[in-house]
Amino acid sequence: MVFVGVHGEWGRIDVTQADLGCGQDRNSIYKTKLPAPLTCYECRWRLHLVHKTHGAYDLWFLRHANKAPHCAAKTAGEGMAHHLLKLDLAHHARAAGWRAEYEAAAPDGSWRADVMATSPDGTRCVALEAQMAAISVTDIEARTDRYRSDGVEVCWFTDRKTAPWLDNVPAVQIARPDDGGPVQVTAGAAQFIPEWCEDRADCGWCECESCTGAGVDGTLPCGGHGKWPTAAPFLLERFVAAICANTTRPHRLRAKGWGDDGKWRWVTRAYFELEEEQIEATARRRQVIERLLAVQRPKQERQQAADRDHLAAIEALLRRQRALVKPVVEFIYHDAGTYPTVAQDGTPEFAMGVPVYVNGTPYAVICPVAGRISALRNRLAPLVLFAASEKERGRIAAQAAPGQRVEVIAVELPASPAVVPSQREQGGLTIKQAVNRMLGLDRM
């Protein structure tokens, strides 16, 4: 079933129009005694005019005579749904005051439009394509590009429930109601719903790192939190009229963060401008973040370096303390004549050193932190302080009570780990847990 044919005298005819598009009458070629000189524009086979009704549709179309060869024009219009949609598209375009031509082809044959709608002044051409069959994303993008390269706008229409290409080209999904009502556009058109913080100068929408500018300190302006929901279903007639009036245009969405950016949607100018406002606000927000980062990043890097150095110092202290436990026990056994008890880890009461007890009484401290000793000098004065090197002994002695006993036990220390181990050391805390205890984080 096709709509367009070639008359031997009148040339190209369109049987969907009462005057055949050439000022003639359908009756002059319908069921005449002698077959009308009608042939297919594609295969040149003889055609005859057919009249049928289908629901509310009064259908006129051309059918190939018997034994017709395989023909691209014949197969292009297969399926009643495809046939009816082409009729609707042409009808709505004509109702909007435009010219609508079926099976219009490019001069070089690179494309053939189901319906080519042309503005009254001829300045705009829009291919209205009824795509009811499956097609790959690559193929439909290539066909769209061929139209675009020739200055032809295009909109693809489909009634398929799943169309993987719907977001990749200017397209809409349509549905024909079961009750025979008018065709509706159900997807492919969108409206932008803006949303802003009450104080646009101070964005309080979200406290997550991505929204607060990747850890930037300071007040950030609102970049907008609008989104692109799909428009509620509306009449296909209204959509085609809007295309012709140029009040809706295909647009690749740009507002990010809601999963729709990059998709093709049909939008009005008002929605485009609302999105543009958010795009500009987002750019200004990014500029503020970049300026703040330029000032704050060096300070943050210095702080991070200091934190790493502090953590490394604590790890080194823990390694020294663990390495000295056994030799200190032996030292005190020979010094006091009995085996001591060693605490599990360092505590603030002993300047973060590990206390050693003899008969339940504090006797010594393994590797106390020199900087903490002065505040505890009187408490630590009766105790023996142990260090793992002469350098450490010098630091401790400088802060200890005058004449306080400070012993050095030189031991081979284990290599510094590349990362803080997460596994539990035998009979004790993990290094991370010990670091947290030293920093007081386990009591927060």
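At which residue does helix 5 bend, and which proline follows within four residues? The views below come from a predicted model.

**View 1. The bend in helix 5 and the residue after the helix.** Helix 5 spans residues 269–336 and bends by about 40 degrees at Gln296. The proline that follows within four residues is Pro298. After helix 5 comes Gly337, which has a positive phi, near 80 degrees.

View 2. An open sheet is built from 5 strands in the order 15-16-17-18-19, and its pairing is mixed. Strand 15 (341–342) and strand 19 (406–408) are the edge strands, each pairing on one side only. Strand 15 is joined to strand 16 (residues 354–358) by 2 bridges in the antiparallel sense. Val356 in strand 16 is the bridge partner of Val342. Helix 5 packs on this sheet and touches strand 15, strand 16, strand 17 (361–366), strand 18 (384–387) and strand 19. The direction of helix 5 makes about 135 degrees with that of strand 17.

**View 3. The crossing of helix 2 and helix 4.** Helix 2 (residues 80–95) and helix 4 (residues 236–245) have axes that come within 9 Å and cross at roughly 50 degrees. Helix 2 is therefore oblique to helix 4. The crossing of helix 2 with helix 4 is right-handed. From helix 2, the residues in contact are Leu85, Asp88, Leu89, His92 and Ala93; from helix 4, they are Leu236, Glu237, Val240 and Cys244. Sorted by class, this contact between helix 2 and helix 4 comprises 6 nonpolar, 1 polar and 2 charged residues.

**View 4. The hairpin of strand 4 and strand 5.** Strand 4 (residues 47–54) pairs with strand 5 (residues 57–64) in the antiparallel sense, over 8 bridges. Opposite Leu47 stands His64 of strand 5. The hairpin has 2 residues between the strands, and Gly55 takes a positive phi near 60 degrees.

Definitions and conventions:
Residues numbered from 1 in each chain as written. Predicted model: local features only at pLDDT ≥ 70, side-chain atom pairs only at ≥ 80, totals over all residues. Heavy atoms only, no water. Pairing = 2+ DSSP bridges. Bend = angle between axes of the 7 residues up to and from the residue. Axes fitted to C-alpha atoms, helices over the stretch in contact; angles between N-to-C directions. Parallel < 35°, antiparallel > 145°, perpendicular 65-115°, else oblique. Left-handed = near helix turned anticlockwise from the far one by under 90°. Contact = heavy atoms within 4.5 Å. Nonpolar A, V, L, I, M, F, W, Y, C, P; charged D, E, K, R; others polar.
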